Amino acid sequence: MKEIAQVPALTFLAKSRQIYKDPLPFHRENFEKYGNTFKISPKPGLMIHFTCDEKITQHILQKNQKNYHKSSLQTEDLGKYIGQGLLTENGEKWRANRKLIQPAFYKKSINNFMATMDVVVKEELDRIQLDEITDVYAIFNDLAFKVVARSLFDFADIENLEQKISRLQEITEQAQKMLIKELRIPWMKWYFDREWLSGTNSVPHALAMVDEARDILRIIINNRRDSKNEPGDLLDMLLHSTYEDGSHMDDDQLVDEILVLFIAGHETTANALSFAAQLLANHPETIEKAREDVSKANLDETLMNQLMAMPYLKQCVEETLRLYPPAYVTDRVALEVDECEDIAIEKESIWLVSFYEMHRRKDLWGNPEAFDPSRFEPEKAKKYRDFYFPFGAGPRMCVGNNFAMMEMMLVIRRMVERFEITTVQDHIDYHPLITLKPKNANLVFSEKVFSS
């Protein structure tokens with residue numbers, strides 16, 4: 001069996017401050033030095049294996065996925081903020097809840113949300129100030145959160161829902177910031193755990209905010225039950241869905257799943273849209289090609305069918321997700337001894353898969369740093385399926401991937417229909433948190449010039 005190279009502990013410690021700010025250069029440096037798999041020991045007794053190897057990834061996430069669970073970083077550290085929902089649960093409980101929730105995200109169900117989605121998109125794009133520098137992440141973050149909120153909840157029957165949703169958004173963002181500090185600065189745990197010492201910058205304060213979010217969601221759920229309304233939103237579907245034994249999801253589980261949908265469903269989309277808008281603005285020719293797609297829309301068709309007939313729009317989204325996958329890493333723990341190719345996988349070993357690096361490997365992608373939507377033309381895209389994982393892979397692939405694709409394509413469509421988009425800088429900044437977030441996503445929108 002092949003010996004996996006280990007990064008020296010002193011090298012890791014010397015770069016710990018840089019890794020806290022941005023771990024991706026550290027990943028790149030070691031993949032280039034040691035190959036597609038290496039390991040580090042960030043503290044005594046803990047060993048983490050990093051890989052961007054497509055065969056190991058397929059093995060762990062797809063072919064032998066039953067032997068691998070999400071690590072405590074997700075199930076416990078993330079779980080204490082968002083509960084035990086689809087994102088953080090393992091085993092039979094996860095399988096049962098996935099089976100119950102999946103139908104809400106079939107294309108037939110998503111089609112019912114498209115008109116609502118379009119209303120939100122148009123409202124949020126109306127907020128853009130013309131001919132001024134705009135941080136598009138702020139726009140898309142609000143847009144994506146409201147799309148999830150209005151798909152989950154019918155706003156007509158809940159008092160002060162806008163305020164409740166704004167508070168939920170604020171809480172989820174603060175909780176993520178706290179989690180990042182816990183994960184990246186573990187030696188400061190003594191400080192973060194003591195509210196009397198660290199105040200609003202503490203774990204207890206963040207968890208109290210999460211309890212507030214859960215109370216808000218319980219109020220919304222109880223109001224729905226009391227109202228007897230059945231508006232056909234996602235909450236309706238979740239309330240009426242049953243497990244195989246005929247029972248319903250209890251309220252605690254329902255709150256957990258809704259928190260996951262809010263956090264995973266809005267932030268990843270907001271990130272991807274921000275990167276997409278910048279990439280398009282940096283490549284004006286791609287905007288023109290996208291407009292050609294949009295100009296051919298058959299307005300007699302449903303909104304979903306119109307989008308599905310716009311292949312270049314889809315290619316732009318897919319290429320964005322290749323370069324800047326919001327879920328840029330994932331991790332797994334081996335339940336039993338295993339092997340893949342010439343690599344021995346020990347029981348309880350931790351594996352971190354870098355989709356970001358896999359999507360940029362020179363031996364897999366031609367000119368990988370370039371934004372080239374044509375690489376996802378249908379006849380070309382087939383060859384990438386074994387090493388392109390924008391929504392993860394295997395049974396735990398993102399349950400909302402179709403919802404997210406439709407939303408992103410719709411936003412780009414409405415954006416290129418309405419605006420000329422110009423860039424402020426020729427490079428794209430990012431901030432790797434739990435997800436890969438944009439930074440300084442500044443663009444200028446002006447009124448679209450219509451040709452005669």
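Reply: Here is the walk, from the pocket to its surroundings and on to the cavities.

One caution before we start: this is a predicted model, in which local features need pLDDT of at least 70 and side-chain atom pairs count only at pLDDT 80 or more, while totals for chains, interfaces and linings use all residues. Residues are numbered from 1 along each chain as its sequence is written, and side-chain values use heavy atoms, without hydrogens or water.

The second largest pocket has a volume of about 710 Å³. (On a 1 Å grid over the protein atoms alone, a pocket is an open set of points with protein on both sides within 12 Å along at least five of seven lines, a cavity is a set where a 1.4 Å probe fits but cannot get out, and lining residues have an atom within 4 Å of a point. Points join across faces, edges and corners, and volume is the space filled by probe spheres set on them.) This pocket has 28 lining residues, and Lys314, Glu318, Tyr388, Phe391 and Met405 lie nearest its centre. Helix 16 (303–308), helix 17 (311–323), helix 19 (378–381) and helix 20 (401–418) each give two or more residues to that lining. (Helices, H or I with at least four residues, and strands, E with at least two, are DSSP runs numbered from the N terminus.) Sorted by class, the lining holds 17 nonpolar, six polar and five charged residues. (Nonpolar covers Ala, Val, Leu, Ile, Met, Phe, Trp, Tyr, Cys and Pro; charged covers Asp, Glu, Lys and Arg; the others, Gly among them, are polar.)

Helix 15 (residues 284–295) packs against helix 17 at an angle of about 140°, and their axes are 7 Å apart. That makes the two helices oblique to each other. (Axes are lines fitted to C-alpha atoms, for helices over the stretch in contact, and angles run from 0 to 180 degrees between N-to-C directions. Under 35 degrees is roughly parallel, over 145 roughly antiparallel, 65 to 115 roughly perpendicular, the rest oblique.) On the helix 15 side, Thr286, Lys289, Ala290, Asp293 and Val294 meet Pro311, Tyr312 and Leu313 of helix 17. (Contact means heavy atoms within 4.5 Å.) By class, five residues in this contact are nonpolar, one is polar and two are charged.

Now helix 20, another contributor to the pocket lining. Helix 20 lies across strand 9 and strand 12, at about 95° to strand 9. Those two strands sit in an open, antiparallel sheet of three strands, ordered 4-12-9. (Two strands pair if DSSP finds at least two bridges between them.) Strand 4 (133–135) and strand 9 (419–423) are the edge strands, each pairing on one side only. On average, neighbours in this sheet are turned by 45° against each other, direction ignored. Strand 9 and strand 12 (residues 442–447) share five bridges in the antiparallel sense, and Phe419 stands opposite Glu447 in strand 12. There's also an antiparallel pair, strand 10 (residues 429–432) and strand 11 (residues 436–439), with four bridges. A hairpin of three residues links strand 10 to strand 11, and Pro432 stands opposite Leu436.

Then come the cavities: the structure holds two of 30 Å³ or more. Helix 4 (54–63), strand 3 and helix 6 (91–101) each supply at least two lining residues, and helix 6 gives the most, three. Six of the lining residues are nonpolar, four polar and five charged.

Tyr81, Ile82, Ile171, Thr172, Ala175, Val210, Ala213, Leu259 and Ile263 line it. Helix 5 (72–82), helix 9 (161–184), helix 12 (203–227) and helix 14 (251–282) each give two or more of those residues, and helix 9 has the largest share, three. By class, this lining has eight nonpolar residues, one polar and no charged ones.
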